[in-house]
Amino acid sequence: PACVAAVICVGDCNEDGVVGLLDYDTFETCITGPGGGPLPPGCNCYDFDQDGVITLSDFATVQEMFNGQ
C-alpha cells in the first residue's frame, strides 16, 4: 500500500512514501534475531513491537506493508 503524503507509513523507514525494496534491503541488515544485541544504527524504525530486537515478528509487519516498489 502506498503512504499518504505527510504521513509516515509503518515500515517506510526511508520515508519515500512506499514500503518497497529499499526498505526491505535495509530491514535485512537490521535483523538481530531473538536475544540479539543492540540495534544497529538506523534500525529503530523496524522494531515495530518495540522489544529491542528485530525478529520475524517485525518482519511480518514489513511483509504486510510491502508493495514491491
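Which residues does Thr32 touch, not counting residues up to four places away in sequence? I opened the predicted model and looked this up before anything else. My list for Thr32 reads Gly37, Leu39, Pro40, Val53 and Ile54.

**Entry: Thr32.** I placed Thr32 in the loop between α1 (21-30) and α2 (56-65). Its relative accessible area is 24%, so I wrote it down as partly exposed; buried would need a value under 20%. I then checked its side chain and found a polar atom 2.9 Å from the backbone nitrogen of Ile54. I also took the C-alpha to C-alpha distance from Thr32 to Cys43, which is 10.0 Å for a pair 11 residues apart in sequence.

**Entry: Ile54.** I next looked for the largest nonpolar core and found Ile54 in it. Its six residues are Phe27, Cys30, Cys43, Tyr46, Ile54 and Val62. I noted beside this that nonpolar side chains tend to be buried together in soluble globular proteins.

**Entry: positive phi.** I wrote down as background that most residues other than glycine have a negative phi. I looked up Glu15 and found a positive phi, near 55 degrees. Glu15 is in the segment before α1, and I counted it as exposed because its relative accessible area is 57%. Gln50 also has a positive phi, near 50 degrees. I found Gln50 in the loop between α1 and α2, and its relative accessibility of 70% makes it exposed.

**Entry: the whole protein.** I counted two helices and zero strands. Of the 69 residues, 29% are buried. I put the accessible surface at about 4,200 Å², with 59% of it belonging to carbon and sulfur atoms. Among contacts with a separation of 6 or more, I found that 38% join residues 24 or more positions apart.

Technical notes:
Residues are numbered from 1 along each chain as its sequence is written. This is a predicted model: local features need pLDDT of at least 70, side-chain atom pairs count only at pLDDT 80 or more; totals for chains, interfaces and linings use all residues. Side-chain values use heavy atoms; hydrogens and water are left out. Helices (H or I, at least four residues) and strands (E, at least two) are DSSP runs, numbered from the N terminus. Buried means under 20% relative accessible area, exposed over 50%, partly exposed in between (1.4 Å probe, protein chains only). Contact means heavy atoms within 4.5 Å. A polar contact is a pair of N or O atoms within 3.5 Å; within protein, one must be able to donate a hydrogen and the other to accept it, and residues adjacent in sequence count only if both atoms are side-chain atoms. A nonpolar core is a set of buried Ala, Val, Leu, Ile, Met, Phe, Trp, Tyr and Cys residues joined through side-chain atoms within 4.5 Å. Accessible areas come from the Shrake-Rupley method with a 1.4 Å probe; for residues, only the protein chains shown count as cover.
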